[in-house]
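User: Please take a close look at the aromatic pairs in this structure. Walk me through the ring geometry, then the surroundings.

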Amino acid sequence: KNDWLSLKISLDTNSVFLFTQGSSEKTELLFWDEKNEKRDAIKEVISVKKGKEYVEIEVSFGSGGKVSFRLANYSPFLEVRALKNISRLSLKKSFGVAVLPDRLANDIIFSPSRSKPSIALPETPFIVGIPETKEEDLFLLTTPSEEQKIQLTSVEDRDVFNGMDIYLSPSAGSVFISLLCGKGFFYQQNLKAAAATDIKLDWVQPFHASWRVALSGETNRYSIMQPGEELAKLKETYLPVKTESPERFDTGLVYLYGRRWHTPLDIFTPMDVLLDVLGTEKLNDLLDLKGIRSYRVSEERVPLEIYLGLFEQDLDIYGRGGNAKMVFGGIAVGTESSYKLVTNLHNDIINILKGLDGRMVEYRNFVHSLKGNVAVQKEKIEILEKQLAALPITRVENITLSDQAIHKIRGMLNGNKDFTNFLELSRKAAKERQKALDLYRIFVKKLREYVALKAAEAPELKPVYEELRRKTGEILQNRYYLEGDWRGEDPMEAVQ
């Protein structure tokens with residue numbers, strides 16, 4: 001045992017159980033060989049190591065097969081590794097829903113169904129199990145290897161998962177099981193098929209942390225990070241969630257995700273456990289944190305203030321909304337130096353539009369590459385193309401002022417007809433491009449979710465689906481620094 005978990009191995013009952021300290025709630029571990037025969041007769045239990053960092057125990061079965069357990073002394077997880085003739089680990093634990101987190105797109109919430117006794121999951125580095133009641137533990141399973149496959153299993157007589165199967169082998173390495181015990185670690189709400197762009201969840205942050213909010217409907221999903229500092233500013237007694245489009249959602253879920261500066265020290269978050277299990281470098285690689293939080297700048301970078309000054313509304317740039325007004329009209333023109341200032345301002349705004357155009361081309365080329373792909377629904381591409389075709393996109397050359405026109409500007413900018421017209425056209429053109437980028441991102445995210453589910457459902461096409469899922473990740477992570485929809489992520493430094 002450690003401060004959080006107890007592992008009980010009994011030769012009398014041939015059983016292996018994992019408990020939360022101070023709780024009678026237990027998770028049973030069962031093992032199967034390659035012939036799908038259960039290894040239930042424990043022959044020998046050997047203590048391999050008892051050190052400061054962990055205790056290691058090896059269990060041998062009478063009919064063959066050996067497995068290793070490591071219980072860490074510094075974190076609430078159990079490491080399980082197949083050593084010989086073990087191909088499947090079954091975890092017997094009840095939970096209401098399972099969440100596959102995906103910060104590049106949207107989390108996928110899996111609900112049990114009596115018509116589907118088992119659900120195969122896409123490749124994922126970790127899965128979160130949400131209990132039926134608030135008194136139970138948050139369940140976390142970490143599967144770092146692509147060779148480790150997960151299948152959810154459900155109870156026949158009621159809509160609840162009764163555990164999961166993990167397919168493994170000695171070459172697949174270890175899996176890590178964690179039970180996180182604490183009050184307020186998650187909240188789930190039935191939205192009664194709510195169709196609205198503004199959802200209200202009856203939830204108030206119980207303590208400072210990084211929270212993950214996931215909405216799920218029959219065909220649509222929406223997820224966002226909610227840092228504790230931002231939540232602390234809310235005056236409402238509920239959590240407002242503004243979604244991308246007025247689609248129907250059935251379930252609203254908030255669950256503990258990561259640590260912030262003011263998170264209580266006695267609380268372990270899923271990201272804390274993942275960091276302990278994987279280490280910083282592997283965690284960043286498996287979760288693609290650089291792809292999620294970094295951004296790239298244009299060849300001719302434009303200061304963010306110039307971009308925000310182009311608008312008169314709130315924008316989600318770098319995950320931070322706010323009043324984005326900037327007064328250009330206070331600049332007086334009439335000298336050579338002021339001409340240079342206005343010329344630079346004009347060129348910055350034009351470069352903003354060109355940068356957004358370049359990002360649109362990247363998305364357009366990606367969508368074009370999908371045509372004829374058996375993994376992509378043809379009608380979805382056609383719908384996107386019709387939506388884009390209906391959008392007016394003002395061409396840059398129709399906005400640009402000539403040097404001669406700039407030199408004719410006199411007096412205050414806010415009183416100059418040519419420059420005022422230029423600003424209005426620029427605002428309009430930038431908003432048009434933002435709308436197009438929104439459509440592209442929504443399409444790619446939905447495609448990513450679709451192929452993730454299909455990869456699990458259709459094993460014969462899994463390589464095709466997984467490859468396409470990888471490509472959707474590449475286009476989503478290749479973010480332009482003036483592209484919105486950050487979903488509460490903290491940005492890293494720009495990639496040159």
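Analyst: A search of the whole structure, which is a predicted model, finds 16 aromatic pairs. Take Y74 and F77. Their ring centres lie 6.0 Å apart, and 75° separates the planes. The pair is edge-to-face, because planes over 60 degrees apart count that way. Y74 is partly exposed, at 39% relative accessible area. F77 has a relative accessible area of 4%, so it counts as buried, the cut-off being under 20%.

Next come F185 and F207. Their ring centres are 6.0 Å apart and their planes meet at 70°, so this pair is edge-to-face.

Some rings have a charge as a neighbour. The charged end of K26 sits over the ring of F17, at 4.5 Å from the ring centre. R88 places its charged end over the ring of W32, and here the distance to the centre is 4.3 Å.

Another arginine is worth a look. R469 belongs to helix 10, which spans residues 462-477. Its relative accessible area is 9%, so R469 is buried. A polar atom of the R469 side chain lies 2.8 Å from the backbone oxygen of E123. Leaving out residues up to four places away in sequence, R469 touches L100, D102, P122, E123, R448, V451 and A452.

Now the wider setting. The chain has 10 helices and 27 strands. Of its 496 residues, 52% count as buried; F77 and R469 are among the buried ones. Consider contacts between residues at least 6 apart in sequence: 69% of them join residues at least 24 apart. The accessible surface of the chain comes to about 23700 Å². Carbon and sulfur atoms account for 49% of that surface.

Technical notes:
Residues numbered from 1 in each chain as written. Predicted model: local features only at pLDDT ≥ 70, side-chain atom pairs only at ≥ 80, totals over all residues. Heavy atoms only, no water. Helix = DSSP H or I, 4+ residues; strand = E, 2+ residues; numbered from the N terminus. Buried < 20%, exposed > 50% of the residue type's maximum accessible area, 1.4 Å probe, protein only. Contact = heavy atoms within 4.5 Å. Areas by Shrake-Rupley, 256 points an atom, 1.4 Å probe, with all protein chains shown as cover. Phe/Tyr/Trp six-rings, centres within 6.5 Å; stacked < 30°, edge-to-face > 60°. Lys NZ or Arg CZ within 6 Å of the ring centre and 35° of its normal. Polar contact = N/O pair within 3.5 Å; in protein donor to acceptor, adjacent residues only side chain to side chain.
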